[in-house]
Amino acid sequence: MSYDSNNIFAKILRGEAPAHVVYEDELCLCFLDVMPQSDGHTLIIPKEPATDIFSVSDEGLQHLMLQTRRVARAVDSVFQPEGVMIMQLNRAGSGQSVFHLHFHVIPRWGGLQQRFHARDFADPKTLADHAVRLREALTRE
């Protein structure tokens with residue numbers, strides 16, 4: 001599959017779509033999922049145009065993994081969940097719906113119960129508050 005430069009994450013990277021950004025550097029962008037499975041659900045994406053884990057550069061993947069762990073630590077600190085799930089899907093057959101490589105950091109409480117993904121939009125004010133709290137946690141590292 002070729003990369004679609006009009007996917008929502010590419011638009012976010014170009015500033016054409018809004019996002020509640022919690023961290024950005026030269027290789028990646030981290031922002032809150034607007035349809036979260038739980039409070040604090042954060043996405044980590046490379047800035048390079050990679051559709052999935054098979055098409056990202058080695059340097060990009062290494063950086064993405066380190067930032068995913070860093071964000072997971074911040075999510076754990078801010079939201080104090082019972083657990084943290086890291087999820088990454090490749091191609092439609094796995095459930096990938098945005099064809100730009102991304103990692104999900106999802107705080108978990110109460111076993112396996114969580115909201116359905118990509119069904120309901122979160123309140124923008126709540127997302128803005130969560131983004132502030134996570135940015136603060138990330139600057140303390």
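## The largest cavity

The lining of the largest cavity divides into 4 nonpolar, 4 polar and 2 charged residues, where Ala, Val, Leu, Ile, Met, Phe, Trp, Tyr, Cys and Pro count as nonpolar, Asp, Glu, Lys and Arg as charged, and the others, Gly among them, as polar. The lining consists of L32, D33, P36, S38, D39, G40, H41, A122, L127 and H130, and the space in this cavity comes to about 40 Å³. A search of the whole structure finds 1 cavity of 30 Å³ or more. On a 1 Å grid over the protein atoms alone, a cavity is a set of points where a 1.4 Å probe fits but cannot get out, whereas a pocket is an open set with protein on both sides within 12 Å along at least five of seven lines, and lining residues have an atom within 4 Å of a point. Grid points are joined across faces, edges and corners, and a volume is the space filled by probe spheres set on the points.

The model is predicted, with local features needing pLDDT of at least 70 and side-chain atom pairs counting only at pLDDT 80 or more, while totals for chains, interfaces and linings use all residues. Residues are numbered from 1 along each chain as its sequence is written, and side-chain values use heavy atoms, with hydrogens and water left out.

## The largest pocket

The largest pocket has a volume of about 330 Å³ and a lining of 20 residues, of which I8, F9, D33, V34 and M35 lie nearest its centre. By class, this lining has 14 nonpolar, 5 polar and 1 charged residues. Both α1 (8–13) and β2 (28–32) supply at least two residues of the lining, and the largest share, 3 residues, comes from α1; helices (H or I, at least four residues) and strands (E, at least two) are DSSP runs, numbered from the N terminus.

## Sheet and helices

The 5 strands of an open sheet follow the order β1-β2-β3-β5-β4 with antiparallel pairing, two strands being paired if DSSP finds at least two bridges between them. At the edges stand β1 (21–24) and β4 (83–87), each of which pairs on one side only. Strands β1 and β2 form a hairpin with 3 residues between them, are joined by 3 bridges, and include V21 with its bridge partner F31 in β2. Antiparallel β4 and β5 (residues 103–108) are joined by 5 bridges, and G83 stands opposite R108 in β5.

Helix α2 (residues 58–79) packs on the sheet, touching β1, β2, β3 (42–46), β4 and β5, and its direction makes about 20° with that of β5. Contact means heavy atoms within 4.5 Å, and axes are lines fitted to C-alpha atoms, for helices over the stretch in contact, with angles running from 0 to 180 degrees between N-to-C directions. Helix α3 (residues 124–140) lies across β1, β2 and β3, running at about 35° to β1.

## The aromatic pair

A search of the whole structure finds 1 aromatic pair. F9 and F31 form this edge-to-face pair, at 5.5 Å centre to centre and 75° between the planes. F9 lies in helix α1 and F31 in strand β2, so the pair ties together parts that are 22 residues apart in sequence. Rings of Phe, Tyr and Trp (its six-membered ring) pair if their centres lie within 6.5 Å, and planes under 30 degrees apart count as stacked, over 60 as edge-to-face and the rest as tilted.
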